[in-house]
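Here's a quick briefing to read with the model open in your viewer.

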There are 2 protein chains.
Amino acid sequence: MPSLRDVAERAQVAVSTVSAALNGTRPVAAATKLRIEQAAAELGYRPNLLARGLQSKRTRILALLYPAPRGGFGLTEMQFATGAAEEARELGYHLLLSPENADPIEELRHLTGLGLVDGVLLMEVRLDDERVDFLTRAGVAFSMIGRTREPGPIDYADIDFAVTARDAVAHVAGLGHRKLAFFNHSTDAYAAQYGPAIRAGAELAGAAALAGIGYVDDFRPGSAEEGGRAFEALLSAHPDVTALAVMDDHVAVGVLAAVAARGWRVPRDLTLMLVLSSSRVAEMFRPRLTTMEPPSAELGRLGARLLIDRLEGRARSLGEGGPRQRLVPCRLVIGDSSGPPRRQVP
Amino acid sequence: MPSLRDVAERAQVAVSTVSAALNGTRPVAAATKLRIEQAAAELGYRPNLLARGLQSKRTRILALLYPAPRGGFGLTEMQFATGAAEEARELGYHLLLSPENADPIEELRHLTGLGLVDGVLLMEVRLDDERVDFLTRAGVAFSMIGRTREPGPIDYADIDFAVTARDAVAHVAGLGHRKLAFFNHSTDAYAAQYGPAIRAGAELAGAAALAGIGYVDDFRPGSAEEGGRAFEALLSAHPDVTALAVMDDHVAVGVLAAVAARGWRVPRDLTLMLVLSSSRVAEMFRPRLTTMEPPSAELGRLGARLLIDRLEGRARSLGEGGPRQRLVPCRLVIGDSSGPPRRQVP
C-alpha cells in the first residue's frame, strides 16, 4: 500500500506539500499539484479523500435526487442535471445522480444517514413534497430546483413564472392579438401537484388581465390527438381566439395537424407558441415555433451554488442566514409561428 | 457527536446489529435495517460510510465521465445516465455525474487519484480515446458505453450496429424498395471520430450489399436547411432512391420540408426513417417517422453492471476474467412514414 511518502518521493516534493495538495489545506502551484496528483494516481494512492472526509465530516459530495420520470425525462431535466454537475465541479464538489426508489424517504435516509453526502439538491419538486419535510426535520442541508407551495425559509432556484407570463402576453398583445388561449398540462399533472403547471396557468391569467386581453384555459389536452381535438373545441367555444400557447410539445404537434386539416396556416391564421420548451425542440417544428425557453442549465447551476454556499457558510454573510431564493424568467425565442391576428371572417 | 451505541439505543437493537446493517457485513431484517437507518439519520450519525471506505479501500461510488456535449445532450444521453444511475443504485452503488473539463485526463486524475471512486464509466467514447489509455495505464476499473476502434480486453456495452443495419435494410427491402440512401452525421462528427456514425455507415452499406439492394451515402447534411438541399441533390444524382434513412432528427425536418415543397408526400413518394433516434422524437413528426430506436437506458444499465461485476470479481467467474462485451441492437419502431416504393415516373 503506497504511503504519502511514496507519493512525495515520486513527485519529488516534500511530504507536507503532498498533504497540502491533496487535502487543500494550503495553496500549491498548479504544476506541482498536477505532478502530485499524477504520482498519486500512478501509485494507486487512494485513502486521502476518505480520511479527510472522516476528519472534517465533509465529503464534498452532493446528491441530485429525482423521482422516476413519468414518460421519461426531457431535455430540460437533462440540463438541470448537467448544469448542477458542472457548477458543483467548478466549486470543487461532486454530484451524485440519485434516482428515487418507490419510497423517496427511504432513499434520503440511505443517502444522508450513512454520511455519504454533505447536502441534497431536489428536482421535480411538488407543491407538497414529503422530501422537503424529511430533510427539514433531519436538519440536512438542501436546496430545490423548483419550489413547494410555501417554500418558507428554504433555498431554491425556480422559473420566474410572473415575468415569463408577462413577456409571453406582451409578445402576443404587441402583435395585436386580443384573445389568448393556453393549453396547460393535462389534469394528470395537476393531480400530481406539478408546480410549473399551476404557476404558469395562474400567472398567464393574471398577465392577460393586466394587459387587458382575453384569456381561455379551459382545455388541457395530454397528447397530440387530444391536442387536435382540443383545438377544434376551443375554436367552437371561442372563435375569437387568435393566439395559442401550449405547454406540451406533443400537443403542439396535434394542434399543427388540426390547423392544416382546416386549411389554416401558422402564423397567418394562428399564432402558436410553446411554453417551457427548449428552442432545440421548438426548431424541430415547421414553422419553427416561438417558445418561452426555460433557463434549465442556469437553474441547475443556481440550485447547486445555493446549496454549496449554505454548506460553506456563505449564505449567512450574503443573506443574514435567511433563505436565498432565485427566480429566473424564461427567454422569449421568436420563431416563424408568431404574427398578427387573422382577419376575423364571421 | 453521536456514536454507534447511540444509534443502537435509539433503534433498540444491539451495537453489532447496527454495525451489520450499516456496513452490510451480514444480513439484517429489512424492518430492522430501516429502523436503524432512521435512527442514524435522526441522530446525524454519519462517519460509517467513510470509515468503511477507509478500511476496505472501497467507496461504492462510480463516476460517469462525459465530455461537454457539442450542441447539448439529447434524450439518448439522458437515458444512458439515468439507466446507469438506476442500475448502480439497485446494486448498492452510487453514480457521480462527472462532466469533463477542457482536459479529461486532469478530471480522471482528480477522480481516481484521490480515492473518491471505485471505478469509472465512460460515455461518448471516441474511436481513439485518450481516457481509455489513461485508465488502462493507471489500472483503474472501468467500462464503456460505446467502444473504441479496437476495444481489446475492455468491458463495454454498445449498440449492435450490424443487427440494427440488417433490420433496417430488411424493413425497407421487405416493402419492395430497391435503393436506400443514408444521410449520416455531418463530416464534423466524422472528424471527431464518432463511432456510431462510422459503424452505422459501414454496417448499412454491408447489409444493403447482402440484401442485394442499392445504397448511397454520399451526402452528410448537418442541419435542417442542409438536409433539404441534400435531399434535392440526392434525387438529382440518384432518381431511383425511394427510401431514406437519416441519422440527425433536424435533418429529417429539412427533408420533410423539401418533400412537401416538391409536392410529394411521405410515405407515398418516399419512405423516411430515423436511425438512432428515440421513438419519443420520431412521434413528434407528421407523419410519425419510423425509427431504429437505440436501447439507451439498457446500455446505461449494462455499462454500470459490467463495471460493478468487475469490481466485485464476478467477471472472472462469468467470463474467465476476460472482457465482457455486450451488443444490443436498436429496436425497429414502425411509424407512418414507411410504405412501398413510389411508382417511378420517368
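What follows covers the ground rules, then the sheet, the helices and the symmetry.

This is a predicted model, where local features need pLDDT of at least 70 and side-chain atom pairs count only at pLDDT 80 or more, while totals for chains, interfaces and linings use all residues. Residues are numbered from 1 along each chain as its sequence is written, chains are lettered from A and ligands numbered from 1 in the order in which they are written, and side-chain values use heavy atoms, with hydrogens and water left out.

**The sheet in chain B**
- Chain B has an open sheet of six strands with mixed pairing, in the order S7-S6-S8-S9-S10-S12.
- Strands here are DSSP E runs of at least two residues, helices are H or I runs of at least four, and both are numbered from the N terminus; two strands pair if DSSP finds at least two bridges between them.
- At the edges sit S7 (214-216) and S12 (331-333) of chain B, each pairing on one side only.
- From one strand to the next, the twist averages 20 degrees; axes are lines fitted to C-alpha atoms (for helices, over the stretch in contact), with angles from 0 to 180 degrees between N-to-C directions.
- S6 (179-183) and S8 (243-246) of chain B pair in the parallel sense over four bridges, and Ala181(B) has Leu244(B) in S8(B) as its bridge partner.

**Helices on the sheet**
- Helix H10 (195-211) of chain B packs on the sheet and touches S6 and S7 of chain B (contact means heavy atoms within 4.5 Å); its direction makes about 160 degrees with that of S7(B).
- Helix H12 (249-261) of chain B lies across S6, S8 and S9 (271-275) of chain B, at about 165 degrees to S9(B).

**H11 against H12**
- The axes of H11 (224-237) of chain B and H12(B) come within 7 Å and cross at roughly 50 degrees.
- H11(B) and H12(B) are therefore oblique to each other (under 35 degrees is roughly parallel, over 145 roughly antiparallel, 65 to 115 roughly perpendicular, and the rest oblique).
- Residues making this contact include Phe231(B) and Glu232(B) of H11(B), and His250(B) and Val259(B) of H12(B).

**Symmetry**
- A rotation of 180 degrees, with 0.0 Å of shift along its axis, superposes chain A on chain B at RMSD 0.1 Å (least squares on C-alpha atoms of residues with pLDDT of at least 70 in both).
- The two copies are thus related as by a two-fold rotation axis.
- In chain A, Leu96(A) has the C-alpha nearest the axis, 2.1 Å from it.
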